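Dear colleague,

I am handing over the structure we spoke about, and I would ask you to keep it open beside this message while you read. My notes on what was found come just after it.

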Amino acid sequence: MRPRRDAAPTSPDARAHAYATLGKARSENFPVAPSFLPRAWRHGLMAVYGYARLVDDIGDGDLAPGGHDAVLLGLDPAAADDPLTMLDALEADLHRIFGSPGGPPRHPLLQALRPVVRAHGLTPEPFLGLIEANRQDQRVTRYETYGDLLAYCELSANPVGRLVLSLTGTSTPERIRRSDAVCTALQIVEHVQDVTEDLVRDRIYLPAEDMRRFHVAETDLKAHRAGASVRSLVAFEAERARDLLAEGTPLVGSVHGRLRLLLAGFVGGGRAALRAVTAAGFDVLPGPPKPTRSGLLREVAAVLRTAPRKG
């Protein structure tokens, strides 16, 4: 297929590399772009997911080996090991979508994002927020208070929900508020599940004030199994996420049709993940407890039954 006239040529290897990134959607707690959605929505959601996944992979050091992403962004392959340099280059490529000099974007995932941005009139702010969150990950590895963690989630999670509302043409101030609650909850759920994985990267997203409250030291998080104090701490953070999901659930009832089902999938995915954490006795140290597909479907059905309808 011939490349779009507004896009830089993309090699087969680059396209395959982009598809591999998009394939990570299957491992998320919630469905990213399920088949029941209109094709245009699926295309837009996958383009946004591809961008968000690339940003996170840069920040987490999870890029594919070989420095291919660095080359795509116009850097030396060795720059792939320097997250801040990569994030700067990605931000420059993002600005090319919004009309900065230098031609069309270079990375195939941003090339795929460009027509979506134009079709829906998306603004740079949510995309820049995701980059800034990953910059923060390079500089901040501990969070003193729950408020500090919420400020981080405002950059790392809430932009995604706002983009979903923009892509589907359903943004209102009230929906954005509910969406922020859901997205922050999903981020906290992920932090609870990934305590061990984050610690390998020398990151702890459990607020230090809460660790002191439950008499949990960092060394306790390095154990093979969680003791009673760690389990109590995890249960406390999980309850916070559960409350946020409850606050955001009316978002599902404020929309109709297939969008209602999609948003129920997000909320149900978070609830199913929390159920898995609870079923593990709040011991997340051996590895992240994951929900089953049947568990996810049950939670989605429960959200659809209970979400209050409006309008």
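Predicted model: local features only at pLDDT ≥ 70, side-chain atom pairs only at ≥ 80, totals over all residues.

I begin with the helix pair. Two packed helices are described by the angle between their axes and the distance between the axes. For helix α4 (residues 83-97) and helix α5 (residues 108-120), the axes come within 9 Å and cross at roughly 35°, and this crossing of α4 and α5 is right-handed. On the α4 side the residues that meet α5 are L90, D93, L94, R96 and I97, while on the α5 side they are L110, L113, R114 and V117. Sorted by class, the contact of α4 with α5 has 6 nonpolar and 3 charged residues, with no polar ones.

The next residue to look at is R135, which is found in helix α6 (residues 125-139). R135 counts as buried because its relative accessible area is 11%, and buried means under 20%. If neighbours within four places in sequence are left aside, R135 is in contact with L84, L87, D88 and E91. With D88 there is also a polar contact from side chain to side chain, at 2.9 Å.

Finally, H191 lies in helix α9 (residues 173-193). Its relative accessibility is 6%, so H191 is buried as well. Again leaving aside neighbours within four places in sequence, H191 is in contact with L149, Y152, D198 and Y205.

How values were computed:
Residues numbered from 1 in each chain as written. Heavy atoms only, no water. Helix = DSSP H or I, 4+ residues; strand = E, 2+ residues; numbered from the N terminus. Buried < 20%, exposed > 50% of the residue type's maximum accessible area, 1.4 Å probe, protein only. Contact = heavy atoms within 4.5 Å. Axes fitted to C-alpha atoms, helices over the stretch in contact; angles between N-to-C directions. Left-handed = near helix turned anticlockwise from the far one by under 90°. Nonpolar A, V, L, I, M, F, W, Y, C, P; charged D, E, K, R; others polar. Polar contact = N/O pair within 3.5 Å; in protein donor to acceptor, adjacent residues only side chain to side chain.
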